Amino acid sequence: MRQNGLAIQNKFCFNKKLERINLELPPLAIETLQVNITLKCNQACLHCHVDSSPIRTEQMSKETIDKCLEILSDNPQIKNLDLTGGAPELNPHFDYIVIEAKKLLKHVMVRHNLTVTIDGDPTTNESKKYLPQFYADNSVEVISSLPYYQEYFTDKQRGKGVFVKSVESLKLLNHAGYGIDNTGLTLNLVYNPVGAYLPAAQESLEMDFKKELFEKFDIRFNNLYTITNMPIHRFKNQLERLGAYEEYMEKLVNAFNPSAAKGVMCRSLLSVSYDGKIYDCDFNQMLGLQVLNGKPMTVFNFDYQKLAGRQIIFDSHCFGCTAGSGSSCGGAISE
Amino acid sequence: MNYYESKDLGRFAEVGKFKPELMEKFFSYYNDATGTDGALSKREKALIALAISHFKQCPYCIDAYTTASLEAGSNPDQMTEAIHVAAAMAAGMNLVHGVQMLNILEKSGA
């Protein structure tokens, strides 16, 4: 049994794969600070690698948010602030971090789940109907998950009623100017497969999404990002329940694409958890693989040079970012 | 041992254990015909293959082309329509032979 476990571990060892093909992936310039400001969410999706739900209470404090803003201010090479969660809008200091980052002339992206605008805060019932106009007023790039252009797949992954609410929310974003030509307001959608399979080609799926959403709902958006489901946490549990974990990992390993590997997002991004710890990416964050450069790195001992010279921590889940056309927070990496 | 084991699909290439050159030719033709975008897209080809998989009732192929169709961007509505085309064709092929039945009925004066 133990031997079998070791064999599986070796088969899915990302570092060994890099060694075999003689590929090194050192960090590049840090361009993006991705900050997870809350694990609370109004949804509890089947695939969520963050295990977010309405009952999560973890929130980034104002002190930690100020430290992130200080890092953005002190490091002009970090051009982007990427806010994620949970539903980042459920952090009480959400508006503050957006407004302050814009004052620093940073490009602000928000991983917006669409339904929070309709649902509001699940514990306080505070309305979030102001969000589309708030995003427009601050020129935020909105990046929203919509697993499919039909109700079946979307609700299966994200919960009953999510598709109808997402459509309503997308219409509000369009009304505020998002996805509309010449407004400069960008609305990108994110697709990820509902089950244990790889995403379809980004370009062809984007055409389908655009056609279907426009014809059926008069909805417009800019780009579709295809993302591979990461075999960690909730999705891994689902795979194990279905007896499909090993098969899914084999699929990812067999689809390893060196060109996608060179473009993995961890090379140009740092991920910050709600408590200020620094990770190579959101997935490493959820696995507790904190950046260690002599000592655990946090926003409170931030050192750009040290971080730029760090050794990125890779593990078996990294095959998720390098399979097929690759996968990143900005969708497919290579053709 | 069962005649059909899902893991056996991954062993398909082992059929080339003997006379490997024939299997190589088959895989080359097979991959060119089914796995590339051409006048038909990979998505369309996967749906055709899914329909044929049902027509010929091959469990390996149904497994492979259900996944291939999803990974090519098809949805369950489209995939279900494809297998209905196969089912309707199969039914039509049975029923069209009813003309032969009618011919024999006529010939026999019934």
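Predicted model: local features only at pLDDT ≥ 70, side-chain atom pairs only at ≥ 80, totals over all residues.
Me: Which residue in strand 8 of chain A stands opposite S271(A)?

Reply: Residues are numbered from 1 along each chain as its sequence is written; chains are lettered from A and ligands numbered from 1 in the order in which they are written. Strands 7 and 8 of chain A run antiparallel and are joined by 2 bridges, where helices (H or I, at least four residues) and strands (E, at least two) are DSSP runs numbered from the N terminus, and two strands pair if DSSP finds at least two bridges between them. The residue opposite S271(A) in strand 8 of chain A is Y279(A).

Me: Which residue takes a positive phi in the hairpin of strand 7 and strand 8 of chain A?

Reply: This hairpin has 5 residues between the strands. The one with a positive phi, near 90°, is G276(A).

Me: What is the bridge partner of V35(A) in strand 7 of chain A?

Reply: Strand 1 (residues 32–36) of chain A runs parallel to strand 7 of chain A, and 4 bridges join them. From strand 7 (residues 269–272), L269(A) and S271(A) point one way and L270(A) and V272(A) the other, and all are buried (20 or more other C-beta atoms, placed from the backbone, within 10 Å of the residue's own; 12 or fewer is exposed, and in between is partly exposed). The bridge partner of V35(A) is V272(A).

Me: Which strands of chain A stand at the edges of the sheet?

Reply: The open sheet of 8 strands has mixed pairing and the order 6-5-4-3-2-1-7-8. Each edge strand has a single partner strand, so one side of each is left without a neighbour in the sheet. The edges of the sheet in chain A are strand 6 (223–226) and strand 8.

Me: Which residue in strand 6 of chain A does N188(A) stand opposite?

Reply: Strand 5 (residues 187–191) and strand 6 of chain A pair in the parallel sense over 4 bridges. In strand 6 of chain A, the residue opposite N188(A) is N223(A).

Me: At what angle do helix 7 and helix 8 of chain A pack?

Reply: Helix 7 (residues 151–158) meets helix 8 (residues 162–175) through E151(A), T154(A), D155(A) and R158(A) on one side and V162(A), F163(A) and S166(A) on the other, a contact being C-beta atoms, placed from the backbone, within 7 Å. Axes are lines fitted to C-alpha atoms, for helices over the stretch in contact, and angles run from 0 to 180 degrees between N-to-C directions. The axes of helix 7 and helix 8 of chain A lie 8 Å apart, at an angle of about 110°.

Me: How many other C-beta atoms lie within 10 Å of N182(A)?

Reply: N182(A) lies in the loop between helix 8 and strand 5 of chain A. Its phi is near 65°, a positive value in a residue other than glycine. N182(A) is exposed, and the number of other C-beta atoms within 10 Å is 6.

Me: What is the omega of the cis peptide bond that joins G85(A) and G86(A)?

Reply: G86(A) is placed in the loop between strand 2 (80–84) and helix 4 (94–103) of chain A. For the cis bond from G85(A) to G86(A), omega is about 25°.

Definitions and conventions
Contact = placed C-beta atoms within 7 Å.
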